[in-house]
Amino acid sequence: MQSGGTRTVAELADRLGVEGRTVRRYVDQLIDLDVPVESVRGRYGGYRLAPGYRLPPLMLGDDEALAVLLGLVAGRRAGLTTELTASETAAAKIRRVLPRHLAHRLDALLEALAFTDRPGEFDTPDAGVLLTVADAVRHRRPVSIRYTDRDGRRSERTLHAYGIVAHAGRWYVTGRDASAGADRTFRLDRIADARTLPGSFEAPEGPGPAERVLSGFATAGYRHEVTLRIHGTPEQIRARLPATVATLEEHEPAADRDPAAERWLRVELRAERLDWLPPVLAALDRPFVVERPGELRDLVAALADRLASCARQT
């Protein structure tokens with residue numbers, strides 16, 4: 001239609017591979033989007049665009065526009081963008097090409113929308129680095145990265161990247177570090193440069209990228225090593241001690257046991273501080289034993305004394 005002239009219903013139906021009533025429904029949708037489609041009556045009648053009108057480069061329906069804009073807002077708040085300004089300018093461009101009535105309705109929603117959490121302050125990755133690493137993951141090609149660790153040490157590494165994981169407002173890449181000869185997880189915002197290298201590799205079997213990242217968090221080196229025995233189901237324990245925090249393993253033989261049944265499970269975790277653990281263990285409301293460290297036993301006993309003292313007050 002934009003190429004000019006009047007198009008009959010039969011011609012449009014043939015070009016689109018649909019029936020005539022579908023063409024009429026499409027035309028109604030265009031009119032709802034403020035596209036000036038004119039109906040021409042008569043033997044050679046049909047539809048045409050108003051003279052001088054050019055379709056915008058992007059056309060979205062109500063549901064589509066809502067999904068895109070809310071996705072940009074949520075991504076910006078969750079840190080799942082490469083640059084905060086990029087999501088803002090993308091949202092502004094989309095709103096500029098929307099029909100006026102739809103833009104006003106979406107503006108009303110965004111003004112009325114409130115969040116129960118505060119927007120995070122995140123270190124976002126470079127878009128070029130993110131896309132280069134993603135391409136290396138897809139085609140199973142090694143990638144050279146320049147990385148700065150949390151202590152400020154810089155290094156250049158060759159990585160066989162298994163996947164990219166978004167977790168808790170940050171981007172991570174997990175894969176095999178060829179120089180270390182072991183699997184590693186790197187924060188993408190700490191990668192200054194990435195370039196694809198010749199060659200290829202086979203991705204290993206076993207846990208997926210997300211599970212590898214979570215397991216790496218749970219086993220990272222911290223000041224305190226904690227071992228507990230907790231009586232309950234894995235679901236009850238994971239409600240307070242997720243996979244990013246702790247690892248679970250059977251403490252008793254698991255011969256033909258219902259996986260959902262309550263049992264004693266060994267829980268291991270590492271932490272810089274211990275003062276947050278007693279309230280978490282109390283909130284579990286399950287029998288538990290502190291195997292190590294002794295300092296944690298003292299903290300648990302102190303919390304129990306404070307709770308008992310508060311309960312006796314009248």
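Reader: What makes a group of residues a nonpolar core, and which of the 18 residues in the largest one touch the most other members?
Author: A nonpolar core is a set of buried Ala, Val, Leu, Ile, Met, Phe, Trp, Tyr and Cys residues joined through side-chain atoms within 4.5 Å, where buried means under 20% relative accessible area, exposed over 50% and partly exposed in between (1.4 Å probe, protein chains only). In the largest core, which has 18 residues, those that touch the most other members are Leu 228, Ile 230, Leu 241, Val 267, Leu 269 and Leu 296. This is a predicted model, in which local features need pLDDT of at least 70 and side-chain atom pairs count only at pLDDT 80 or more, while totals for chains, interfaces and linings use all residues. Residues are numbered from 1 along each chain as its sequence is written, and side-chain values use heavy atoms, with hydrogens and water left out.

Reader: Which elements give two or more residues to this core?
Author: They are strand 8, strand 10, helix 9 and helix 10, where helices (H or I, at least four residues) and strands (E, at least two) are DSSP runs numbered from the N terminus. A second, separate core of 16 residues includes Val 137, Ile 145, Phe 186 and Ala 194.

Reader: Why are the buried residues of helix 9 said to be on the same side?
Author: The buried residues of this helix are Leu 277, Pro 278, Val 280, Leu 281 and Leu 284. They cover an arc of only 160° around the axis, and therefore they lie on the same side of helix 9, the arc being that of the directions from the helix axis to the C-beta atoms. What covers them includes strand 8 (224-232), helix 8 (234-238), strand 10 (263-271), strand 11 (288-292) and helix 10.

Reader: How is the packing of helix 9 and helix 10 described, in angle and in distance?
Author: Helix 9 (residues 277-284) and helix 10 (residues 294-312) pack at an angle of about 65°, and their axes are 9 Å apart; axes are lines fitted to C-alpha atoms, for helices over the stretch in contact, and angles run from 0 to 180 degrees between N-to-C directions. On the side of helix 9 the contact is made by Leu 277, Pro 278, Pro 279, Leu 281 and Ala 282, and on the side of helix 10 by Leu 296, Leu 299, Val 300 and Leu 303.

Reader: Why is Asp 285 called exposed, and where is it found?
Author: Its relative accessible area is 62%, so Asp 285 counts as exposed. Asp 285 is in the loop between helix 9 and strand 11, and its phi is near 55°, a positive value in a residue other than glycine.

Reader: What class does Gly 152 belong to, buried, partly exposed or exposed?
Author: At 44% relative accessibility, Gly 152 is partly exposed. Gly 152 lies in the loop between strand 3 (143-148) and strand 4 (154-167), and its C-alpha atom is separated by 9.8 Å from that of Arg 190, 38 residues apart along the chain.

Reader: How do you know whether Asp 177 is buried or exposed?
Author: Asp 177 has 0% relative accessibility, and so it counts as buried. The place of Asp 177 is in strand 5 (residues 170-177), and, not counting residues up to four places away in sequence, Asp 177 touches Arg 157, Thr 158, Leu 159, Ala 182, Arg 184 and Phe 186.

Reader: Why are the buried residues of helix 1 said to line one face?
Author: In helix 1 (residues 9-16), the buried residues are Val 9, Leu 12 and Ala 13. Seen down the axis, they fall within an arc of 100°, so they line one face of helix 1. On the other side of helix 1, Ala 10, Asp 14 and Arg 15 are exposed.

Key
Contact means heavy atoms within 4.5 Å.
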